[in-house]
Amino acid sequence: MALLLLVSPLAAQTADSVPKHKKVAVVLSGGGALGAIHVGALKVIEEAGIPVDMVVGTSMGSIVGALYSVGYSCDDIGEMFRTMDWVDLFLDRNAQNRLTLSERDDQNTYFYERDFYVGGNIDPQPGGVIRGTNVEKVFGYYLEGHTDSINFLKDLPRQFACVATDLVADQQVVLTNGYLVKSIRASMSIPGVFTPVHIGDMVLVDGGAKNNFAADVARKLGADIVIGVKFDGVINPNKKFRTLVDVMERSAGSDITRRAEENEKYCDLVIKVPVKGFSSGSFTSRALSTLIQRGEDATREKLDSLKILKSQVGEVKERKVFNHPRSISSLLDIEDEERGLLDLRKNNTVTASIGARYDNEDIVAFQLNGHYYMGGKVNKDLDMTLRLGLRSMLRLGFDVEPWKFKKMGLGYEIWYKYSDLYTRGHRSANMSVVYQNANVKLLSLDAMNFDCELGVGWEHYHFFKGLWNEYNETTFNKNEHYFNYYLRLHYNNEDNRYFTRRGMRTEAQVAYYTDNLAKWKGHSGFTSLMAMWQMTFAVAPNTHIRPRLQTRMVFGDDLPVTAYNVIGGPTYGKYFPQQLPLEGFGHSEFFDSKFVSASLRVQQRITGRHYAMLDASIAEHNNKLGDIFSQSPIWGAQLSYFYNTGFFGPLGCSLGWSSYTHRVHFYVSLGLEF
């Protein structure tokens, strides 16, 4: 038997809220992305002149129903569906500017994170992989003004109810009062994927597990006329069920489908929308637009039936026009501070993360990370990272935080790197190296958009298995080591690491190197200076440009080869700690000790998650600062295409060329960078 969180739905209404005409309810089924059909259906029902007094929704139907009930137009909801980043919505990712820079690096490295409490029986992520915090945050923004505990049948412009499943009682629950956002979060919580929602003694998950088409609920809540909207779930007898989504949908949906068919008897009109070619996971902008249109088309085919129902409704003396206070423009530009999540770290908590990527140079790489937040009077954090691939690494770190954002600590990392070196585009050597780095953080400031670190470090290179050819111009000592004193500054308020739309990033570092903490080879040590600045801004809604300046200069005598500039490759520090990327250079090369470059990126969002990027660069290098611009400049260009998978990171390829190498370089990459 259904549990209604309302003693008497009719008694809860005031005399003014009871319609003078017959009460019309629209029932919206669940179905993930397929729920987009409801937007088109509601639009036509509204155009037909039928007053919608109540909406009853399940799962995605509850999201559409809640937005419609608080006053959003169908056009607004449709635009939101098409422009929403549903992958980010369904993940537990924080807004960039709600994180410290170290937390931001973690989020941009690992595609999955899980918390565990140490020494306790409470699971911080009980019963689900995803907390669903972004769902509550984003829809809390959309449903502003209706986020307190309210009666959904009395306090909203249109009456609203949604269906969830109570795991404790193993029965359907109809939510008609309480917190609106938490209610729709419960109604769409796919078991095992999202953590259940606890309301009182109930543990609530997706209502589709019990009643995916709740026409019976609409009748119990006093509806005189019920219009049901559902996707056409006829199973293709020739379907092979070869995908995971197909198997899960079919295995979990047989009993639910039968109940949905039985509930059709409670409807005066059932609108079945064909969704062939789409699944519950079809959250691309194009797919959602098509589903919305199919909902509209299928409902227009029922216009004659809608006209008959309209004649049965009775006289509508006054038609209210509901408008939500937020405009569509504000919907599409939610400020990051509105979307940010709270810091979920708690004392005695272990956070485990995993990342994976593929590219045509490193092939496959995996990275595992564990943070142990010890807490106490002084926050303590133990960190361990393991990377497996052609470049393998183990990193250990221990930090104490005596004051907020201020840390001190110890760190150690050891790398095994196998890499190819190039000389003017020709592969001149391949070699293996073991690189070690230990450091003492004397002071580290780690804030939202800024960090600063002052410390002492030790670096050691051990080269072995080197193979050289006639193009090689570089000579390595088998072992190189030095101590350094360093200061690093970093500012970053970019909204996204990979597909930036706005913000600035700048870095600077100065380091003084010795071999005995005082001198280098019996005389003064050498100094390295590195600086980078880039800024992204829009020139059109989907077009952004990003100028960038970067330089690294080394001053001193008897410089080791490992201190010289390494230029090229897709990312900073890929093969050597001082490595700087440069557009047009697919491979890394050793350059002179003074280097400066400028580049410009044009980023075009083609459609949905598809991006094209065009980069151009110019660079100069020399061993003498005064002669750095005396040679012909080096030009480079790169054309890239990327698809933003969201969960797993960018998938794409790039084609580059430079005047220095006179060679074309092709690069394929899938996954977050690490």
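Modeller: Let us begin with exposure. A residue is called buried when its relative accessible area is under 20%, exposed when that area is over 50%, and partly exposed in between. Please keep in mind throughout that this is a predicted model.

Colleague: How does Asp105 count on that scale?

Modeller: Asp105 has a relative accessibility of 38%, so it counts as partly exposed. Arg497 falls in the partly exposed class as well, at 31%.

Colleague: What does Arg497 form with Asp105?

Modeller: The general idea comes first. Side chains of opposite charge can pair when their charged atoms come close. In the present case, Arg497 and Asp105 form a salt bridge, with 3.1 Å between the closest N and O atoms. Asp105 belongs to helix α5 (residues 101–107), whereas Arg497 is in the loop between β22 (479–492) and β23 (503–514), so this pair ties together parts that lie 392 residues apart in sequence.

Colleague: How many salt bridges does the count come to?

Modeller: The count is 26 salt bridges. Some of them join into a network, which links Arg546, Arg548, Glu583, Arg601 and Asp615.

Colleague: Are Glu361 and Lys574 buried or exposed?

Modeller: Glu361 and Lys574 are both buried. Their side chains meet in a salt bridge, with an N to O distance of 3.3 Å. Glu361 is in the loop between β15 (349–359) and β16 (363–373), and Lys574 is in the loop between β26 (565–567) and β27 (589–591), so the pair ties together parts 213 residues apart in sequence.

Colleague: How far apart in the helix are Glu79 and Arg82?

Modeller: Again, the general idea first. An α-helix has 3.6 residues a turn, so residues three or four places apart point the same way. Glu79 and Arg82 both lie in helix α3 (residues 74–83), three residues apart, which is about one turn of the helix. Their side chains meet in a salt bridge at 3.5 Å, N to O. Glu79 is partly exposed at 29%, and Arg82 is partly exposed at 26%.

Colleague: With what is Thr109 in contact, leaving aside its neighbours within four places in sequence?

Modeller: Thr109 contacts Gly355, Gln367, Arg497, Leu672, Glu673 and Phe674 once those neighbours are left aside. Thr109 itself is found in the loop between α5 and β4 (112–117). Its relative accessibility is 10%, so Thr109 counts as buried. The side chain of Thr109 also reaches the backbone oxygen of Asp105, at 2.6 Å. Asp105 and Arg497 are the salt-bridge partners discussed above.

Colleague: In what sense do β23 and β24 pair?

Modeller: Strand β24 (residues 526–540) pairs with β23 in the antiparallel sense, over 11 bridges. On to the next strand: β24 and strand β25 (residues 543–555) run antiparallel and are joined by 11 bridges. Here Ala538 stands opposite His544 of β25. A hairpin of two residues connects β24 to β25.

Colleague: Which strands pair with β12?

Modeller: Strand β7 (residues 159–166) pairs with β12 in the antiparallel sense over three bridges, with Thr165 opposite Val205. Strand β11 (residues 197–199) also pairs antiparallel with β12 over three bridges, and there His198 stands opposite Val203. The hairpin of β11 and β12 has two residues between the strands, and Gly200 in it takes a positive phi near 60 degrees.

Colleague: What covers the buried residues of α10?

Modeller: The cover includes α1 (37–47), α3, α4 (86–89), β14 (269–273) and α11 (303–313). Among the buried residues of α10 are Leu288, Leu291, Ile292 and Glu296. Helix α10 (residues 285–300) reaches 23 Å from its first C-alpha to its last, close to the expected 22 Å.

Colleague: How many helices and strands are there in the protein chain?

Modeller: The protein chain has 13 helices and 32 strands. Of its 674 residues, 51% count as buried. Among contacts between residues at least 6 apart in sequence, 65% join residues at least 24 apart.

Terms used: Residues are numbered from 1 along each chain as its sequence is written. This is a predicted model: local features need pLDDT of at least 70, side-chain atom pairs count only at pLDDT 80 or more; totals for chains, interfaces and linings use all residues. Side-chain values use heavy atoms; hydrogens and water are left out. A salt bridge is a side-chain nitrogen of Lys or Arg within 4 Å of a carboxyl oxygen of Asp or Glu. Helices (H or I, at least four residues) and strands (E, at least two) are DSSP runs, numbered from the N terminus. Buried means under 20% relative accessible area, exposed over 50%, partly exposed in between (1.4 Å probe, protein chains only). A polar contact is a pair of N or O atoms within 3.5 Å; within protein, one must be able to donate a hydrogen and the other to accept it, and residues adjacent in sequence count only if both atoms are side-chain atoms. Contact means heavy atoms within 4.5 Å. Two strands pair if DSSP finds at least two bridges between them. The expected span of a helix is 1.5 Å times one less than its number of residues.
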